[in-house]
Amino acid sequence: MQSSNKPVASSNQPLPRRQMLFMGAALTGLLMVPPVLAQSVEARHWQGAAAITRQPEHVVATTVAEWRSLWSRVGTPAPDMFEAGRMNAVGIFLGRRGGEGYAVNILSTARRRDRIVVVFEERMPAEMMMAQRGAGPRPVAGGPVMSAPSALPPGAAGFAAPSASLAPPPPVARPVGQPTSPWAIILINRADLPVSVEQRLFR
């Protein structure tokens, strides 16, 4: 058995300075480029609160006839600007609402991979939005809060003040207006990808 005394190449040998600089620059370039999650798409939209249709629905229009049908749900003539084969349109109808203060708020129109996604949220009156998001825990009693035990009168520990009301205060009455039917129509300057609609809910 023959043994060799030739030096074996090691993978731990330092790289030349020029190669190290090149690899560092390439890695820095990769870290600085953010991943492309969505690409904004040019669009135009109209909105209102008095659509003729009272049913909640999302409708996509790809032809002139469908574009006019969207506007017939609103009750006004369609603007003469739809180009079949070059544009898509989306109608968002929230349906009947019991009063004023509701609206469709378009958040974004963007391409995500192989489709165009329209994201919207429903705007509500301020008190309704607070109720949706949650106002946090309510106190059990409406009496004054005493921070130190020494502030309590003798024998009153753990009880509300005699003048405190145990029931929560009545909500402020909001005048109820006429029923509304909020809507929005989005005209998208692309027709090469399918369109989806997403609603963002309150957290």
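**View 1. A polar contact between S196 and R115.** In this predicted model, the side chains of S196 and R115 are joined by a polar contact of 2.5 Å. S196 belongs to strand 8, which covers residues 195-199. Leaving out residues up to four places away in sequence, S196 touches R115, I116, V117 and V118. So R115 turns up here both as a touching residue and as the polar partner of S196, well within the 3.5 Å cut-off for such a pair.

View 2. Four strands make up an open sheet in the order 2-7-4-3, and the pairing is antiparallel. The edges belong to strand 2 and strand 3 (57-61); each has a single partner strand, so one side of each is left without a neighbour in the sheet. Going from one strand to the next, the twist averages 15°. At the strand 3 end, strand 3 pairs with strand 4 over five bridges, in the antiparallel sense.

**View 3. Strand 7 and its two partners.** Strand 7 (183-188) runs antiparallel to strand 2, with six bridges joining them. Strand 4 is also antiparallel to strand 7, again with six bridges. Two handy landmarks are G48, which stands opposite W183 in strand 7, and A89, which stands opposite L187 in strand 7. Strand 7 is mostly covered, with six of its six residues buried. Look at which way the side chains go: W183, I185 and L187 point one way, A184, I186 and I188 point the other way, and all are buried.

**View 4. W46 against W67.** The ring centres of W46 and W67 sit 6.0 Å apart with the planes at 65°; over 60 degrees counts as edge-to-face, so that is what this pair is. What does the pair link? It connects distant parts of the chain, with W46 in strand 2 (residues 43-48) and W67 in helix 2 (residues 64-74), 21 residues apart. Both W46 and W67 are buried.

View 5. W67 and F82 are both buried. Zooming out, ring pairs tie W46, W67, W71, F82 and W183 into a cluster. The count of aromatic pairs comes to five.

**View 6. The largest nonpolar core.** This core has 15 residues, and W67, L70, W71, W183 and I185 have the most contacts inside it. Strand 3, helix 2, strand 4 and strand 7 are the elements that give two or more residues to the core. Which element gives the most? Helix 2 does, with four residues. A second, separate core of 14 residues includes V90, V118, A184 and L193. As general background, nonpolar side chains in soluble globular proteins tend to be buried together.

Conventions:
Residues numbered from 1 in each chain as written. Predicted model: local features only at pLDDT ≥ 70, side-chain atom pairs only at ≥ 80, totals over all residues. Heavy atoms only, no water. Phe/Tyr/Trp six-rings, centres within 6.5 Å; stacked < 30°, edge-to-face > 60°. Buried < 20%, exposed > 50% of the residue type's maximum accessible area, 1.4 Å probe, protein only. Pairing = 2+ DSSP bridges. Axes fitted to C-alpha atoms, helices over the stretch in contact; angles between N-to-C directions. Core = buried A, V, L, I, M, F, W, Y, C linked by side-chain atoms within 4.5 Å. Polar contact = N/O pair within 3.5 Å; in protein donor to acceptor, adjacent residues only side chain to side chain. Contact = heavy atoms within 4.5 Å.
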